[in-house]
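Subject: Handover of a structure

Dear colleague,

Please find the structure below, followed by an account of what was found in it. I would be grateful if you read the account with the structure open.

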Amino acid sequence: MPEIRDDCLRVGQMAPDFSATAVVDQNFKIVKLSDYRGRYVVLFFYPLDFTFVCPTEIAAFSDRYDEFKALNTEILGISVDSEFAHLAWIQTERKLGGVGDLNYPLVSDLKRDISTAYNVLVPDSGVALRGLFIVDRDGVLQHATINNLAFGRKVDETLRVLQAIQHVQANPDEVCPVDWQPGDKTMNPDPMKAREFFAEV
């Protein structure tokens, strides 16, 4: 497993910018994280193309892409594969282990610079753990989770956290309690005013 570095990336910091080749609509394109400033970004790493858990996650995020787009959010998938491997995987049908056409870019991190910057690279194998990061409109990292290789993430939870981030940024006098969903009651982070919330629990 990767060691935790002293300069380990933390939420509240600027997300490391990068420029890399991605597959977008079956074409190669240079993408930069900073190009998405003004939008939220869900940035997720996965180990390798043509594997097992990975296509289930990538397809699930693509199938729900419109929900993210409606929240002013772009999705970027990243692995250490080349852009040519990404393209071949996209051109492979899902029923054959491919991912088919995707609604968001797949980024190539062949030099492993991005995985290293986000501290998800496993040195022994050279692949990235299942790191997921939410970057806000100003380029600040607001959320980070890292799964081990053998189990996938949940799109619903990513959407829920994204909506909570957007809510508290739009309402700085509110915080979101456990399992908060849009429309649920929030809390005021004040010792006295918070009692109103707890009195109704």
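At 35% relative accessibility, Glu157 counts as partly exposed, because buried means under 20% relative accessible area, exposed over 50%, and partly exposed in between (1.4 Å probe, protein chains only). Its partner in a salt bridge is Arg160, with the closest N and O atoms 2.9 Å apart. A salt bridge is a side-chain nitrogen of Lys or Arg within 4 Å of a carboxyl oxygen of Asp or Glu. Arg160 is buried, at a relative accessible area of 16%. Both residues belong to helix H5 and are three residues apart, about one turn of the helix. Helices (H or I, at least four residues) and strands (E, at least two) are DSSP runs, numbered from the N terminus.

Before going further, please note that this is a predicted model, in which local features need pLDDT of at least 70 and side-chain atom pairs count only at pLDDT 80 or more, while totals for chains, interfaces and linings use all residues. Residues are numbered from 1 along each chain as its sequence is written, and side-chain values use heavy atoms, leaving out hydrogens and water.

The structure holds eight salt bridges. One of them joins the side chains of Glu74 and Arg39 (4.0 Å, N to O). Glu74 lies in strand E4 (residues 73–79) and Arg39 in the loop between strand E2 (27–32) and E3, so this pair ties together parts that are 35 residues apart in sequence. Another salt bridge connects Arg130 with Glu57, with 2.8 Å between the closest N and O atoms. Arg130 is in strand E8 and Glu57 in helix H1, 73 residues apart. Both Arg130 and Glu57 are buried. Together with Arg153, these two residues form a network of salt bridges.

Helix H1 also contains Cys54, where UniProt, in an unreviewed entry, places the feature "active site". UniProt positions follow the numbering used here, feature names are shortened, and annotations may be inferred rather than shown by experiment. Cys54 is buried, with a relative accessible area of 1%. Leaving aside neighbours within four places in sequence, Cys54 is in contact (heavy atoms within 4.5 Å) with Tyr46, Pro47, Leu48, Trp89 and Arg130.

Lys154, in the loop between strand E9 (141–147) and H5, counts as exposed at 53% relative accessibility.

Yours sincerely
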